[in-house]
Structure formats: C-alpha cells, structure tokens
Amino acid sequence: MKFLLPISKSKSIYNMVKYISIILLTLLSSCIVTGKWNEIGVKRFSLSRFSLHANKGEEQKIKNMIDLNSIYKEITLSPPPKENYTYQTYIYRFYKDGKVGIFSDYNLDPMRATMGIYEVKNGKLYIEYYWHSVQAGYYRVKIMIESHNEQLLGYNGDYIYSLKKENINGDFSDEPDW
C-alpha cells in the first residue's frame, strides 16, 4: 500500500484545492459584477469611470450652446446607411450639473435613460456614455459636438451626426438617478 498518500499530505492537498477554489471563485465573481442597476434594471456606472467632468459654476457657457428645456434628436449624416438599413435614432436630454440622458424613444423618464456626462471645453461640447452591445459588452462612446450656423454637429470616429433641437412641453424638473 505504498501508493496511498499519508493522511497529513492528503489533508494539505485538500485544503490547498479548497483555498484555490475560493480565491478563483472570488476573482471571477468580482469580474462579473461591475457597477449597479437602478430600480427598473438600467445599468448605472460610477462617475469616476468617465473621463469628462461636469462644468459646475459655468452654466452660462452651457446655455450658449444647448437648451436644458429642450431635447435633441440625433440624425446620422455620414456614412450613408447601407441598402435596406436604417440607423437607430436617439434622443438626448441635457440636465444641469453635466448629466445627459440618451433615449431610444420619446419616453423621457430619466430612470430609463442611458447615463452620460457632458462637458464644455474650448467652445465645444463633449458627451461621453457607456453603450452595450452583444458582441462587445459595455464600451465607452465619446462624441464631440460643434455649433455650425445654429446647428449642432457631432463627430465620433467615422460618424457625423446632426442634433436637431425639438421644443416639447413637459415637466423638466425631474432629476436623473446618477
């Protein structure tokens, strides 16, 4: 019976496997659980994950470029869509303190919004938000927006957007949950 391990060695191997399993399980679970979700299940990220920061105390700069009591509809100008394809249209609603909500329809409840941050620098508006795709998971989107003849044009890599201002009647007193 020389092939059997002594009792003390088998216990130490068992303990080693147990501790390695606990460590691996802890590491895997910490990689999977990132961020939090609001009451209706929309992902919320820590503001420290954004590279932009709100322009607190610089409301006049912001008001010269965007209207906080309006919404902006995104229209993709370039590149043109492929045959039998249309771009999804998104709606941006800007809040005070550098927050922006991105919506896929006209239900403008801030709880349903994709959370984003905006900042005005050197006469340009920058927007940053996290988007989800099945292929890539969550990834960061940054858009630079310039004003041209009272029209807002956004640039993001190869895409050019026009942000069309739409005045709507409604209560603009609600605050986002991020």
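Trainee: How do the residues lining the second largest pocket divide into nonpolar, polar and charged?

Mentor: They split into 5 nonpolar, 4 polar and 4 charged. Asp, Glu, Lys and Arg count as charged, Ala, Val, Leu, Ile, Met, Phe, Trp, Tyr, Cys and Pro as nonpolar, and the others, Gly among them, as polar. This is a predicted model, where local features need pLDDT of at least 70 and side-chain atom pairs pLDDT 80 or more, while totals for chains, interfaces and linings use all residues. Residues are numbered from 1 along each chain as its sequence is written, and side-chain values use heavy atoms, without hydrogens and water.

Trainee: Which residues lie nearest the centre of the second largest pocket?

Mentor: Of its 13 lining residues, those are Tyr72, Glu150, Gln151, Leu152 and Lys165. A lining residue has an atom within 4 Å of a point of the pocket, an open set on a 1 Å grid with protein on both sides within 12 Å along at least five of seven lines. Strand 10 gives the most to this lining, with 4 residues.

Trainee: What makes up the lining of the largest pocket?

Mentor: The largest pocket has 17 lining residues, with Tyr87, Tyr90, Tyr139, Tyr159 and Tyr161 nearest its centre. The lining of the largest pocket holds 12 nonpolar, 3 polar and 2 charged residues.

Trainee: Why is the contact between aspartate 174 and arginine 93 called a salt bridge?

Mentor: The N to O distance between their side chains is 2.9 Å, and a salt bridge needs a side-chain nitrogen of Lys or Arg within 4 Å of a carboxyl oxygen of Asp or Glu, so the pair qualifies. Aspartate 174 follows strand 10 (159-167) and arginine 93 sits in strand 4 (residues 91-94), so the bridge ties together parts 81 residues apart in sequence. A search of the whole structure finds 6 salt bridges.

Trainee: Why is arginine 93 called buried?

Mentor: Its relative accessibility is 3%, and buried means under 20%, exposed over 50% and partly exposed in between (1.4 Å probe, protein chains only).

Technical notes: Helices (H or I, at least four residues) and strands (E, at least two) are DSSP runs, numbered from the N terminus. On a 1 Å grid over the protein atoms alone, a cavity is a set of points where a 1.4 Å probe fits but cannot get out, and a pocket is an open set with protein on both sides within 12 Å along at least five of seven lines; lining residues have an atom within 4 Å of a point.
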